[in-house]
Amino acid sequence: WVRWKHVGQMTAKNMCRIMTLDAEGLYSVVYSSEGASIRGVTHTYARKFHERVTMAMPPHSSWPTDLKVPYTEPMDLLSADHEMHLLDLALQHKSVSLTDKQRDKLVQEIQEGRCCLQ
């Protein structure tokens with residue numbers, strides 16, 4: 001997926017938490033029949049993260065590190081297209097009810113980056 005070279009160790013100076021993720025468990029959730037919306041999010045996030053980590057280099061950005069990859073904040077990676085997909089799913093499943101005018105205003109705010117859907 002990404003070639004990575006280990007260059008050192010990290011030691012915590014303060015109490016911290018480490019999160020681990022069971023890859024098989026995540027896969028089973030994402031590819032279950034109920035995982036359609038999370039599947040879109042994880043696919044978009046992974047594809048864009050990979051693009052950023054493989055293209056991060058001077059002079060356009062700093063080199064990626066174990067702690068920071070430039071332009072990989074969630075808002076950088078999850079596009080308005082995906083938010084539109086989430087809105088469409090919510091409307092299809094009737095988990096939200098909007099008039100056409102409300103929907104148009106929400107779409108405009110999403111596209112302008114003034115709001116986001118999760």
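The following dialogue explains how several terms apply to this predicted model.

Guide: This is a predicted model, in which local features need pLDDT of at least 70, side-chain atom pairs count only at pLDDT 80 or more, and totals for chains, interfaces and linings use all residues. Residues are numbered from 1 along each chain as its sequence is written, and side-chain values use heavy atoms, with hydrogens and water left out.

Visitor: How many aromatic pairs does a search of the whole structure find?

Guide: The search finds two aromatic pairs. Rings of Phe, Tyr and Trp (its six-membered ring) pair if their centres lie within 6.5 Å; planes under 30 degrees apart count as stacked, over 60 as edge-to-face and the rest as tilted.

Visitor: Why is the pair of Tyr 27 and Tyr 31 called tilted?

Guide: The ring centres of Tyr 27 and Tyr 31 are 4.6 Å apart and the planes stand at 35°, so the pair is tilted.

Visitor: What makes the pair of Tyr 45 and Phe 49 stacked?

Guide: With centres 6.3 Å apart and planes at 10°, the rings of Tyr 45 and Phe 49 count as stacked. Both residues lie in helix 2 (residues 36-55), four residues apart, about one turn of the helix. Helices (H or I, at least four residues) are DSSP runs, numbered from the N terminus.

Visitor: Why does Tyr 27 count as exposed?

Guide: Buried means under 20% relative accessible area, exposed over 50%, and partly exposed in between (1.4 Å probe, protein chains only). Tyr 27 has 54% relative accessibility and therefore counts as exposed. Tyr 45, at 34%, counts as partly exposed.

Visitor: Why is Met 84 called buried?

Guide: Met 84, found in helix 4, has a relative accessible area of 14% and is therefore buried. The C-alpha atoms of Met 84 and Leu 106 are separated by 9.6 Å, although these residues are 22 residues apart along the chain.

Visitor: How do you know that the buried residues of helix 2 lie on the same side?

Guide: The buried residues of helix 2 are Thr 44, Lys 48 and Val 53. They cover an arc of only 150° around the axis, which puts them on the same side of helix 2. The arc is that of the directions from the helix axis to the C-beta atoms.

Visitor: Which residues of helix 5 are buried, and which exposed residues does the face turned away from its buried side carry?

Guide: In helix 5 (residues 100-111), Leu 106, Val 107, Glu 109 and Ile 110 are buried. They cover an arc of only 165° around the axis, which puts them on the same side of helix 5. The face turned away from that buried side carries the exposed residues Asp 100, Lys 101 and Gln 111.

Visitor: How is the length of helix 2 set against the expected value?

Guide: The expected span is 1.5 Å times one less than the number of residues. Helix 2 has 20 residues and reaches 29 Å from its first C-alpha to its last, close to the 28 Å expected.

Visitor: Which helix supplies the largest share of the lining of the largest pocket?

Guide: Helix 2 supplies the largest share, seven residues, and the lining has 20 residues. Ile 38, Val 41, Thr 42, His 43 and Tyr 45 lie nearest the centre of this pocket. A pocket is an open set of points on a 1 Å grid over the protein atoms alone, where a 1.4 Å probe fits, with protein on both sides within 12 Å along at least five of seven lines; lining residues have an atom within 4 Å of a point.

Terms used. Helices (H or I, at least four residues) and strands (E, at least two) are DSSP runs, numbered from the N terminus.
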